[in-house]
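User: I am new to this structure and would like to learn how to read some of its features, one step at a time.

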Amino acid sequence: MHSIPGRRVILSLFLAFLLLPIYWLVNMSFKTNGEIVSTMTLWPHQPTIANYMRIFTDESWYSGYINSLKYVVINTIISISVALPAAYAFSRYRFLGDKHLFFWLLSNRMAPAAVYALPFFNLYSAINLFDTPWAVALAHCIFNVPLAVWILEGFVSGVPREIDETAFLDGYSFPRFFVRILVPLIASGIGVAAFFCFMFSWVELLLARTLTSVDAKPISAVMTRTVSAAGMDWGLLAAAGVLTIIPGALVIWFVRNYIARGFALGRV
Amino acid sequence: MDKTINQKAWFLVLPVFLVVAFSAVLPLMTVVNYSMQDTFGNNQFFWNGVGWFKELLDPTTDLGGRFLASLWRNLFFSAVILAIEVPLGIVVALSMPRQGFSVAVCLVILALPLLIPWNVVGTIWQIFGRPDIGLLGYVLNSLGLNYNYVSNDLDAWATVIVMDVWHWTSLVALLCYAGLKSIPDAYYQAAQIDGASRWAVFKAIQLPKMIAVLLRFMDSFMIYTEPFVVTGGGPGNSTTFVSIELVKIALGQFDLGKAAALSLVYNLIIIIVCWIFYTVMTNAGVERRVVVDKKGVK
C-alpha cells in the first residue's frame with residue numbers, strides 16, 4: 001500500500017474533486033437569485049437563508065421530505081423482514097431450485113426501473129395504492145429485497161452452524177432460535193443491509209415519481225417545481241438539493257466506523 | 001461446510017418469493033401482453049404478433065434505428081466509465097490511510113455522493129457545468145475553452161462521464177478498501193518485507209473488484225435520471241441511453257407495444273450479461289473458499 005508514490009496527493013485531489021460540486025451547491029443555496037445570475041462569486045457576498053425559509057414554511061415543500069422518508073422507512077422494514085428468513089435458508093439448506101431462485105432474485109436487482117415504470121403504474125392503480133407511500137415502498141422492493149437477501153446471506157454464513165445445532169439441542173424452537181440467537185448475532189449485518197436499503201430507496205427517482213401524483217409526492221419530484229414561467233429559481237433549487245443531501249450525510253456520519261465492514265458485505 | 005438438503009426451506013424463502021414475484025412477475029406479464037399488441041387509444045387493442053420485435057431488431061426502421069443507436073451509445077458509455085472508475089477506485093482504496101481520525105473523514109467524504117438522490121446529482125452537475133452560473137463551466141470558458149454541454153455533443157458526453165465518475169468511483173473504492181481491510185496488519189507488514197505484498201493485495205481485492213464491475217456495469221447500463229436531468233438526452237439524441245429512449249416511447253409517446261418489446265429485449269440482454277458475471281463470480285467465490293480452507297488446515 002505504501003508502494004504508491006504521492007498517495008496523499010492522489011487521495012486529497014480525489015476528495016477535493018468529490019467535494020467541489022457539493023460546495024458549489026451549498027454556496028448557491030445561500031445566495032439570492034440576483035447574486036447568482038449577475039456575478040460569479042466564490043462565496044455568498046450577501047448571505048441569505050430566505051431559500052431555506054421558503055422550504056420550511058411551505059407545506060408542499062416540506063411534505064415532500066416527509067413523503068420520501070415514509071416510503072424509505074416502510075421499504076427498509078419490509079425488505080429486511082422478508083429477507084432474513086430467506087437469507088438463512090439460502091445459507092444453510094439446499095432445496096429444489098435454490099440456485100435458480102437466487103439468480104432470479106439477483107437478476108431483479110439488475111432490472112432497469114424504466115422497464116417497470118409503466119406496468120407498475122397500471123398495477124398499483126388497479127389495487128388502489130397509487131399515490132401512497134406503500135406503492136413506492138413495494139415497488140422499491142424489487143431491487144432492495146434481492147440486495148438484502150444477498151448481503152444477509154453473507155452474514156448468516158459467517159455464523160458457525162454449531163450454534164444452530166446447539167440451540168436446537170437445548171430445546172429452542174425455530175422461531176425462538178431465530179429471534180433470540182440468530183438476529184442478535186448478525187445485528188451488524190442487519191444494520192448493513194438496512195443501510196443499503198435506505199441508500200437505494202432514498203436515491204431512486206423514476207419509480208417514486210411515476211407512482212405518485214399529489215399526496216405522496218417525493219421531494220425529488222417536488223424539486224421540479226422550481227422551473228416556472230419566470231425562469232429557474234436557482235437558489236431555491238440549490239437549497240432543496242442541499243436538504244436532500246443532509247439525511248444521507250447524517251446516516252453516513254453515524255455509521256462511519258462500520259463503513260469498511262459494511263462494504264465487505266459479509267463476504268470479503 | 002456442506003449444506004443439508006431440506007425442502008422445507010422453501011417456507012423460509014416464500015415471503016421473499018411472493019414479494020418479488022408481485023413486483024416483478026406480474027408487471028412483466030403486462031409487458032409481454034403489450035408487446036404483442038397494438039393500440040389506437042380508447043383501450044382498444046389489436047393482435048400484432050411479433051411485429052414489434054421484428055421492427056425493433058431491424059435497423060432500417062425508425063424504432064430499430066433508435067434502439068440500436070441508444071444500445072451502442074449505452075455500451076460505449078458503460079465501457080468508458082468502467083475503464084475509468086475501476087482503476088481509479090482501486091488507486092483511491094490503496095491510497096487510503098490505514099488508521100487514525102483521517103480514515104473516518106475520508107470514508108464519510110467518499111460515501112457522500114452515493115447517498116445523494118440521483119436527480120440531485122444531475123442538478124448538482126447541471127449547475128456546476130453551466131457557463132453562466134457554474135464554477136466548472138465558468139472556469140473552462142474563461143480559460144478560452146468553448147465549453148457548453150447544452151449545445152456541444154462532446155461536452156455533453158464529457159459532462160455525463162465526469163458526473164458518473166464523481167458519483168460512483170467511491171463505490172469501487174469502498175468495496176476494494178473493505179477487501180484490503182481483510183489483510184491482517186501483522187501479515188501485511190511481514191509481507192512488505194518479503195515482497196509478497198503485491199500478491200496479497202491483488203488477492204484481497206479480487207472479489208470486491210468483481211462485485212464492483214458487476215454493479216457498475218448493470219447500473220450504468222440502466223442509467224436514466226442523472227443524464228436526463230443534465231442533458232435531457234441531448235444535444236439531439238447524443239446522450240440518449242436505452243432507458244431514456246424507453247421512457248420517451250412508453251410515457252412520452254404512450255406507444256405501449258413498442259415500449260414493451262424494447263423492454264423485453266433490454267431485460268433479456270441484462271439477464272444474459274448478469275448470468276455471465278454471476279457464473280464467473282460464483283466460481284471465483286468457490287476458489288476463494290478453497291484457498292481459505294487450505295489456510296485453515298495448515
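The dialogue below takes up domains and then helix packing.

Analyst: This is a predicted model, in which local features need pLDDT of at least 70 and side-chain atom pairs count only at pLDDT 80 or more, while totals for chains, interfaces and linings use all residues. Residues are numbered from 1 along each chain as its sequence is written, and chains are lettered from A and ligands numbered from 1 in the order in which they are written.

User: Which domains does the assignment give for chain A?

Analyst: Domain bounds come from an automatic or database domain assignment. For chain A, domain 1 covers 1-48 and domain 2 covers 58-263, and their centres, taken over C-alpha atoms, are 31 Å apart.

User: How many residues of domain 1 of chain A are in contact with domain 2 of chain A?

Analyst: Two residues are in contact if their C-beta atoms, placed from the backbone, lie within 7 Å. Here nine residues of domain 1 of chain A contact eight residues of domain 2 of chain A. On the domain 1 side, helices H1 (7-29) and H2 (33-38) of chain A each supply at least two residues, helices being DSSP runs of H or I with at least four residues, numbered from the N terminus.

User: How is the packing of two helices described?

Analyst: Two packed helices are described by the angle between their axes and the distance between the axes. Axes are lines fitted to C-alpha atoms over the stretch in contact, with angles from 0 to 180 degrees between N-to-C directions. In chain B, helix H3 (residues 62-95) and helix H10 (residues 206-221) pack at about 150 degrees, with axes 9 Å apart. Among the residues that meet are B:Phe77 and B:Ile81 in H3(B), and B:Val213 and B:Phe217 in H10(B).
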